[in-house]
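Q: I'd like to learn how to read the ligand sites and domain contacts in a model like this one. Can you walk me through it?

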Amino acid sequence: MAVETIRTACPLDCWDCCGMIAHVEDGKLIKVEGDPDHPITQGSLCIKGRKLVDRLYHEERVLTPLKKVDGEWVPVTWEQALREIAEQMRQAKTEYGPTAVMHHYDYGSSGLLKNLEGRFFNLFGGFTDTIGSICWGAGLEAQKYDFGFGKSHDPEDLAEHTDVIVVWGRNVSVTNMHMMPFLKQAMSRGAELVIIDPLMTDLSAKAVKQLQPRPGTDGALAVGMARHLLDLGLIDRRFVEEHAVGFAEFVEYVQTWTVEQAADVTEVPADDIRWLAERFGSGKAVTTLLGLGLQRYANGGNTIRLIDALAAMSGQVGRSGGGVHYANQVHRFDYQTLMKPDARTDYRAFTKITQADEILAVQETEQPVKVLFVTRGNPVAQLPETGKTLAAYHSIPCKVVIDMFLHDTGMIADYFLPCTTVFEEEDIMYSSMWHSYLAYVNPVVEPQGETRPDWMILQGLAEELGFGAAFGRDVHTWMEEAMVPLQADGITREQLQQNGFIKAHEEPVAWADYQFGTPSGKYEFASTLAAADGASSIPVYEEPVESPRRNRELARKYPYHLLTIHPRRSLNSQHYHVMKMPERPVVEISAFVAGETGLADGDLVRVYNQRGEVLGNVKIVSGQHKRTIKIEEGWWGSRGTALNLLTSNRRSDLGIGSAQYDCLVNLAKA
Ligand SMILES: Nc1nc2c(c(=O)[nH]1)N[C@H]1C(S)=C(S)[C@@H](COP(=O)(O)OP(=O)(O)OC[C@H]3O[C@@H](n4cnc5c(=O)[nH]c(N)nc54)[C@H](O)[C@@H]3O)O[C@H]1N2
Ligand SMILES: Nc1nc2c(c(=O)[nH]1)N[C@H]1C(S)=C(S)[C@@H](COP(=O)(O)OP(=O)(O)OC[C@H]3O[C@@H](n4cnc5c(=O)[nH]c(N)nc54)[C@H](O)[C@@H]3O)O[C@H]1N2
Ligand code: SF4
Ligand SMILES: [Mo]
């Protein structure tokens with residue numbers, strides 16, 4: 001039997017958005033490989049991408065709709081499931097209005113057509129939405145205030161033009177591995193690599209220097225550097241005068257700091273602060289690669305704004321080889337036409353991060369939540385304060401989860417509707433995190449069992465509810481409607497399908513024309529939008545909430561910083577049942593912490609704070625910030641580790657983001 005190859009793309013919530021080639025034999029997907037023709041991802045896939053095949057054929061994959069009856073799952077027909085769910089929705093709407101139906105979603109798939117969920121709930125008449133982002137909300141808002149929105153340079157610009165690469169809180173080789181060849185190319189030209197991270201990463205050994213701030217204090221680090229640049233007069237005068245507003249106000253704030261003060265707050269030596277500041281201000285091209293880790297703090301938005309300001313004042317914005325890379329929000333789809341927000345008559349927004357509190361607060365009122373839909377997410381595992389999420393979700397009488405696996409959230413549902421994987425559907429993939437290529441997803445195999453694409457499930461429900469015709473188009477028409485704004489650049493659906501991938505935005509150097517997307521059209525050191533939102537117009541440093549300097553009492557009880565960073569071998573919670581994982585998390589601690597706690601390698605340890613506790617096995621590692629502990633996230637509570645019992649559902653300062661890394665814990669031998 002001949003092997004057929006089909007071009008598709010990785011749907012996972014990742015910077016890279018890889019081009020993929022599926023190998024199909026006899027109707028069965030036998031493997032996927034990286035698409036060698038893809039200009040950015042160049043033929044390689046990470047283990048998570050390759051293991052998507054195992055997710056497709058996994059023995060635990062749910063292949064028929066399920067209904068929970070007396071605590072047990074019972075397979076039901078699509079007809080029955082959709083009829084009964086529609087009935088519950090209708091009843092809830094009649095009694096309490098459409099906002100009695102709530103939708104939580106995350107980015108389990110980066111497909112364009114996944115946005116049809118919004119169309120469904122808008123046509124239903126409205127719903128309770130969850131807004132903000134537990135992933136990167138704070139940083140997005142920060143860059144909106146400073147630049148207008150987040151935009152990145154082409155990866156090639158970094159490879160060819162940067163002199164100094166500052167990897168600031170991004171775990172590049174683990175979470176963004178296709179950046180590696182571009183970094184290597186820059187370094188082989190002589191570019192210097194600097195890491196700013198409390199933890200050691202794979203790249204640490206290749207760096208000329210690593211700065212290790214106390215977690216959550218990077219804003220103070222940026223202010224310290226800014227102060228040194230002011231002292232030396234290393235400011236890009238033309239930029240701050242012609243292309244920016246509010247620089248004088250920002251300077252006034254920076255003058256209230258000294259480098260020594262910044263060193264004291266961050267625990268980074270003053271000489272290192274000066275050393276790095278001089279790299280920013282010495283005429284060299286400095287690329288800053290921000291990660292998402294450093295904004296998952298109560299002060300995360302201001303952290304990103306302070307780093308933006310440092311780069312801006314030193315002339316790194318709009319310059320080849322420079323830039324502050326956080327997001328790349330350049331994809332111009334027509335989401336309005338796809339999602340029809342005008343169709344709704346009622347709407348209520350909870351936030352992703354605090355939804356548990358918000359649900360519990362309305363359940364005894366006239367506007368309760370009666371039906372919950374969860375799509376493309378596993379909030380019971382991934383939201384902070386797991387106990388609260390469970391209590392809130394248990395208070396909702398009808399919970400519908402659309403997914404492939406009975407994970408922590410699936411388990412507590414009343415109806416589980418099995419959807420197709422990327423290999424069984426047609427879509428367009430893109431990532432707003434890094435490069436600007438779109439990729440086409442071609443169907444590779446027939447849907448397994450009775451699984452259906454999300455849109456088809458929603459179409460069925462829309463028909464039951466009487467708005468099937470308004471919801472329905474067909475896959476190609478939806479794509480074409482959403483792609484109308486791209487046609488101006490000659491990008492069409494057919495062409496994208498034919499090529500497999502297309503670069504959707506041409507601008508090798510972000511903001512090179514200095515036409516910013518802010519209200520003033522300039523870079524805003526002082527942001528009118530921030531002020532209008534009730535935030536400080538200029539970025540300012542505040543201590544993280546769970547900090548020895550802000551809350552001594554708390555830090556006495558829980559003296560260690562816990563970073564629950566993204567796992568090497570899973571995309572959040574999505575691969576824990578697919579890969580061989582240890583029974584419990586590895587808890588990486590320093591020799592210093594080992595000394596203080598008497599823990600030794602391999603010890604069973606209780607990691608605990610005022611919110612909860614988890615068990616893990618100790619591994620003593622060297623080099624990291626000495627009071628900082630690392631545990632990879634993504635664990636399944638239903639398999640013994642509910643890691644987010646430890647994290648708080650406090651919001652970040654800007655953008656309704658997460659503060660899950662703003663977290664103190666203690667350790668004890670179990
Ligand atoms: N393998 C893998 N890849 C992934 C994912 C995955 O789960 N697994 N998830 C994807 C998703 S959803 C996302 S959002 C991205 C996340 O991608 P990243 O932002 O790279 O990942 P994080 O794990 O959030 O944190 C990155 C780094 O931030 C550091 N950090 C934490 N706190 C601080 C701080 O206060 N200051 C500084 N300077 N550094 C700090 C951590 O030590 C860590 O090395 O990755 C995507 N790619
Ligand atoms: N402690 C701690 N918690 C964290 C983080 C952290 O660093 N530390 N990181 C946070 C971040 S950055 C993120 S992005 C969130 C992630 O939070 P989630 O997005 O909730 O987590 P995932 O584990 O990626 O779950 C995605 C789910 O979508 C499903 N899925 C995949 N494709 C489709 C599809 O096409 N249709 C449907 N219906 N379902 C699909 C998958 O099977 C999976 O169950 O977690 C956050 N939580
Ligand atoms: S998870 Fe990211 S790096 Fe891995 S294959 Fe998918 S897009 Fe590529
Ligand atoms: Mo994320």
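Here is a walk through the ligand shells and the domains.

Q: What should I know before I start?
A: This is a predicted model, where local features need pLDDT of at least 70, side-chain atom pairs count only at pLDDT 80 or more, and totals for chains, interfaces and linings use all residues. Residues are numbered from 1 along each chain as its sequence is written, chains are lettered from A and ligands numbered from 1 in the order in which they are written, and side-chain values use heavy atoms, with hydrogens and water left out.

Q: How many residues surround ligand 1, and which are the closest?
A: A residue counts as near if one of its heavy atoms lies within 4 Å of the molecule. Here 33 residues surround ligand 1, with T175, D197, D218, L292 and R296 the closest. The shell splits into 16 nonpolar, 10 polar and 7 charged residues.

Q: Which polar backbone atoms does ligand 1 meet?
A: A polar contact is a pair of N or O atoms within 3.5 Å; within protein, one must be able to donate a hydrogen and the other to accept it, and residues adjacent in sequence count only if both atoms are side-chain atoms. Oxygen atoms of ligand 1 sit 2.8 Å from a polar backbone atom of G216 and 2.7 Å from one of L292. A nitrogen atom of ligand 1 is 3.3 Å from a polar backbone atom of R568. Taken alone, ligand 1 exposes 900 Å², and the protein buries 100% of that (Shrake-Rupley method, 1.4 Å probe; for residues, only the protein chains shown count as cover).

Q: What about ligand 2: which residues come nearest?
A: Of the 30 residues around ligand 2, those are R55, N378, D403, D454 and S573. This shell has 7 nonpolar, 14 polar and 9 charged residues. An oxygen atom of ligand 2 is 3.2 Å from a side-chain N or O atom of H407, and a nitrogen atom of ligand 2 is 2.9 Å from a side-chain N or O atom of T564. Taken alone, ligand 2 exposes 920 Å², of which the protein buries 98%.

Q: Where does ligand 2 lie relative to the domains?
A: Domain bounds come from an automatic or database domain assignment. Domain 2 (66-135 + 339-503) and domain 4 (552-669) both give residues to the shell around ligand 2, so ligand 2 lies between them.

Q: How many salt bridges are there between domain 1 and domain 4?
A: A salt bridge is a side-chain nitrogen of Lys or Arg within 4 Å of a carboxyl oxygen of Asp or Glu. The count between domain 1 and domain 4 is 0.

Technical notes
Ala, Val, Leu, Ile, Met, Phe, Trp, Tyr, Cys and Pro count as nonpolar, Asp, Glu, Lys and Arg as charged, and the others, Gly among them, as polar.
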